[in-house]
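Work through the exercises below with the sequence and the model open. Each task is followed by a solution in steps.

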Amino acid sequence: MAGTEGALDQARAMSFLERVMVDSAAAFSGLSTSIGARLGLYRAMAGAGSVTSTRLAEHTSLDERYVREWLAVQVAGEYVHYEPATATYSLPDEHAAVLADSTSPVYVMGAFTMLKSLYATEDALLDAYRTGHGISWQDHEPGLFEGVASFFLPGYSASLVQEWLPALDGVREKLQRGANVADVGCGFGYSTLFMAKAFPNSTFRGFDSHVPSIEAAREQADRNNLSDRVTFEIVPAEDLPPGPYDLITFFDCLHDLGDPAAAFRRAKEQLAADGSCMVVEPNTSADLLESMNPIGRSFAATSASLCLPAAVAQQGPHALGNHAGEEAMRAIANEAGLQNWKLALASPTNRIYQVRP
């Protein structure tokens, strides 16, 4: 397998080399992108117009020589514009929306926050690939949890209340009147809190098995003065406390479970008579050829290093990864007794399903 037979097509080899070099450059520069986010360099440049490296260093209380080197990476990657006549740098507003504004729907810096922790698990991944063992969520560094929460936050802010919930039959009306909601796999609780702010007549309970995430969620509830009708508890998905619940939500978490069927079965048991599950999963396909695009590639790469190992670590009957596709998840729900499955909405990154008995 290590060798090649016959003469290489040099043009094809060079074309592929160029692609790999682009990937290599992106991997190396990703560290600088993360540094820029963590040190506030992008935020300092946002809306500041043209600045010198000296001014940027002073504004961020950083060493000018390092800042100048960081700026060189940003110019090379076309993240930052450089004006040689004045030796000044500027961050276009459109780039700032992606790199500096955490409230923007196109903000993606959470992905770079995740990288430090994911790369730190490389040795553990080698062992997992050799042995078939898993890597649990708890085995990662805190940066991963913060990065995941930050990564999903813009989507929740832009779409959860405005688009996703209205796409579900009858759900928004129930929430407006007053409903009992369970948010399973809530993480830092951003999804729970967005719903709670929008529907003050309803009560919300967030559940997750990861202790630091629940602690962070409780702090968020306190800061937002929502603790009177929002609670967060350390509970695995298959042990969802008794309801009944008018709505049970699963935001991008079912594919990370070793036994999503158990979570579905418990949800069915605790749904109100006319209750619904809202299942949000990546917009991916089991057909590998449909993943040959930047979004599909990102999902697949995350699955191989995070989602699949987390599911395997739970030693359940399933290890789906995040691109098992709709049919696989639908079959699991059907087996668990949730046989009414509807695709309510699809975006470039997510598919939102309404699931009922």
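**Exercise 1.** Classify aspartate 169 by accessibility, then find its salt-bridge partner.

Solution. Step 1: aspartate 169 has 41% relative accessibility, so it counts as partly exposed (buried is under 20% relative accessible area, exposed over 50%, partly exposed in between; 1.4 Å probe, protein chains only). Step 2: aspartate 169 forms a salt bridge with arginine 356, and the closest N and O atoms are 3.9 Å apart (a salt bridge is a side-chain nitrogen of Lys or Arg within 4 Å of a carboxyl oxygen of Asp or Glu). Step 3: this pair links distant parts of the chain, 187 residues apart, with aspartate 169 in the loop between H8 and helix H9 (171-177) and arginine 356 in strand E9 (residues 350-356). Helices (H or I, at least four residues) and strands (E, at least two) are DSSP runs, numbered from the N terminus. Step 4: arginine 356 is partly exposed, at 23% relative accessible area. Step 5: Asp169, Lys342 and Arg356 are linked in a network of salt bridges.

The model is predicted: local features need pLDDT of at least 70, side-chain atom pairs count only at pLDDT 80 or more, and totals for chains, interfaces and linings use all residues. Residues are numbered from 1 along each chain as its sequence is written, and side-chain values use heavy atoms, leaving out hydrogens and water.

**Exercise 2.** Where do arginine 65 and glutamate 69 lie, and how do their side chains meet?

Solution. Step 1: both residues lie in helix H4 (residues 64-76), 4 residues apart, about one turn of the helix. Step 2: the side chains of arginine 65 and glutamate 69 meet in a salt bridge of 2.8 Å, N to O. Step 3: arginine 65, at 42% relative accessibility, counts as partly exposed, and glutamate 69 does at 43%.

**Exercise 3.** Describe the ring pair of phenylalanine 152 and tyrosine 156.

Solution. Step 1: the search of the whole structure finds 11 aromatic pairs (rings of Phe, Tyr and Trp, the latter by its six-membered ring, pair if their centres lie within 6.5 Å; planes under 30 degrees apart count as stacked, over 60 as edge-to-face and the rest as tilted). Step 2: the centres of phenylalanine 152 and tyrosine 156 are 6.2 Å apart and the planes are at 20 degrees, so the pair is stacked. Step 3: both residues lie in helix H8 (residues 142-164). Step 4: phenylalanine 152 is partly exposed at 24% relative accessibility, whereas tyrosine 156 is buried at 8%.
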